[in-house]
Amino acid sequence: MKILLMTVGGSDVPLVFSIKENKPDYIIFFCSEDKEPNSSSRVMIDGEGLVCGDPCEEKSRPNILKQTGFPYEKVRIEEVDPDDAYRIYLHARSIINQYYKEHEVLVDFTGGTKSMTAGLLLAAAEFPNCK
């Protein structure tokens with residue numbers, strides 16, 4: 001089974017591309033937690049209506065799952081503090097450790113805050129077979 005871990009930020013385009021290119025069997029999204037009403041990047045994954053678009057423009061596309069046709073049942077959403085790279089690293093490392101021995105694990109850190117991407121990248125670097 002191919003597991004894809006992704007950080008989610010302001011743009012859906014690189015995530016949609018990655019899902020279509022990598023064709024994962026299961027996706028684990030790292031989203032920013034909801035510190036203020038409607039501030040979580042989770043809306044880009046499972047929000048209703050037009051929730052995606054370029055950060056400086058009006059939202060013009062549906063959520064990432066609808067754009068890719070990826071089933072919600074094969075998704076896990078992890079809400080994290082987007083500015084705590086160390087906690088994200090620990091959390092990502094724990095998740096990768098659960099899967100890497102028996103599954104192909106890929107990480108995509110093109111979205112999210114710099115702290116989110118750093119945490120995921122550092123965690124992935126500890127596992128030689130992680131792509």
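1. A residue counts as buried when its relative accessible area is under 20% and as exposed when that area is over 50%; these cut-offs are applied here to a predicted model. By them Tyr89, with a relative accessible area of 13%, is buried, whereas Tyr86, at 55%, is exposed.

2. Across the whole structure, the search returns three aromatic pairs. One of them joins Tyr86 and Tyr89, whose ring centres lie 5.9 Å apart with 35° between the planes, a geometry classed as tilted. Both tyrosines belong to helix 4 (residues 85–99), and because they are three residues apart there, about one helical turn separates them.

3. Turning to the sheet, four strands make up an open arrangement in the order 3-2-1-4, with parallel pairing. Strand 3 (75–80) and strand 4 (104–108) are the edge strands, each of them pairing on one side only, and the twist from one strand to the next averages 15°.

4. Within this sheet, strand 1 (residues 2–7) and strand 2 (residues 26–32) are paired in the parallel sense over five bridges, and Ile3 stands opposite Tyr26 in strand 2.

5. As for the helices on the sheet, helix 1 (residues 13–22) packs on it with contacts to strand 1, strand 2 and strand 4, its direction making about 170° with that of strand 1. Helix 4 also packs on the sheet, touching strand 1, strand 2, strand 3 and strand 4, and its direction makes about 160° with that of strand 3. Helix 4 is thus the element that carries the Tyr86 and Tyr89 pair.

Conventions: Residues numbered from 1 in each chain as written. Predicted model: local features only at pLDDT ≥ 70, side-chain atom pairs only at ≥ 80, totals over all residues. Heavy atoms only, no water. Phe/Tyr/Trp six-rings, centres within 6.5 Å; stacked < 30°, edge-to-face > 60°. Helix = DSSP H or I, 4+ residues; strand = E, 2+ residues; numbered from the N terminus. Buried < 20%, exposed > 50% of the residue type's maximum accessible area, 1.4 Å probe, protein only. Pairing = 2+ DSSP bridges. Axes fitted to C-alpha atoms, helices over the stretch in contact; angles between N-to-C directions. Contact = heavy atoms within 4.5 Å.
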